[in-house]
Amino acid sequence: MNRFDKKVIVITGGGSGIGEAAARRFLSEGASVVLSGRNAERLEAVADGFSSDRVMTEVADVSQREACDRLVDHTVERFGQLDAVINAAGMNLVGSISETSDHHWRACMGTDLDSVFYISRRAVPHLARAKGVIINVGSVSSLGGGWSHAAYCAAKAAVANLTRSIACDYGKYGVRANTVCPGLTLTGMVEKIMDDEALLEKAWERIPLRRAAKPEEIAAAIAFLASEEAAYITGVTLPVDGGQTATDGGPEWGK
């Protein structure tokens, strides 16, 4: 399929995990993609094998406003347009509020929430011209609290409501904004628990499909929401979680 032929898409966190999977999905469907992340080697590894005419990499700390502004500006300078933003950069942070320092709180908020605000704010004028799309990667923690992840849960909940606000404010310009909320996904963030059988069994009690998602499965949902097939979908917070949020509680494997 070439659903994204002649479309230009910015992806933060594009060097690994869900961001990488989304980048590969959009590139395979014809898009030109700008990959952002903090690790140049990882970004280049994702870009390798795709035409340099359709892919650009930019090392950026998207918790910083200036880096976000440059990312959007460089995208438009290179490709002349911007059709979609995928905010996939993120970090996890374990700890209750008593266990969370000011520094770690700000680091989590900067990466998980501030980046979404900064990128989206800079991108909106270009997206309005293109009748474009913002897809923010939230979490099942966008939908409910959990144990021992106070900052992460707060940031991801804020991402979902910020996305709804963007959808309300910019729908009149043809801009759509949606949040994809992955459950347990096989990325670097969760590698530590995948060898803990007791912890995994506890997770499976809350996940009807009894497995973790592949990053490519989350990327498929992102691609759908970014496509014309989802042209009348905006302001949605979509769980992609194996049924976890259909049960009577949210993530509890930190309890």
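**Close-ups of a predicted model**

**View 1. Who lines the second largest pocket?** The pocket itself holds about 290 Å³ of space. There are 19 lining residues, and those closest to the pocket's centre are Lys 131, Val 133, Arg 176, Ala 226 and Glu 228.

View 2. Val 133 sits opposite Arg 176, which belongs to β6. Strand β5 covers residues 133–137 and strand β6 covers residues 176–182; they run parallel, with 5 bridges joining them.

**View 3. Zooming out to the sheet.** Here you can follow 7 strands across an open sheet, in the order β3-β2-β1-β4-β5-β6-β7, with parallel pairing. At the edges are β3 (55–59) and β7 (237–240), each with pairing on one side only. Going from one strand to the next, the twist averages 15 degrees.

**View 4. Helix α1 packs on the sheet.** Helix α1, residues 17–28, touches β1 (8–12), β2 (32–37), β3, β4 (84–87), β5 and β6. Compare its direction with that of β1 and you get an angle of about 165 degrees.

View 5. Which strands does helix α7 lie across? They are β4, β5, β6 and β7. This helix spans residues 215–226 and runs at about 165 degrees to β6.

Conventions: Residues are numbered from 1 along each chain as its sequence is written. This is a predicted model: local features need pLDDT of at least 70, side-chain atom pairs count only at pLDDT 80 or more; totals for chains, interfaces and linings use all residues. Side-chain values use heavy atoms; hydrogens and water are left out. Two strands pair if DSSP finds at least two bridges between them. Helices (H or I, at least four residues) and strands (E, at least two) are DSSP runs, numbered from the N terminus. Axes are lines fitted to C-alpha atoms, for helices over the stretch in contact, and angles run from 0 to 180 degrees between N-to-C directions. Contact means heavy atoms within 4.5 Å. On a 1 Å grid over the protein atoms alone, a cavity is a set of points where a 1.4 Å probe fits but cannot get out, and a pocket is an open set with protein on both sides within 12 Å along at least five of seven lines; lining residues have an atom within 4 Å of a point. Grid points are joined across faces, edges and corners, and a volume is the space filled by probe spheres set on the points.
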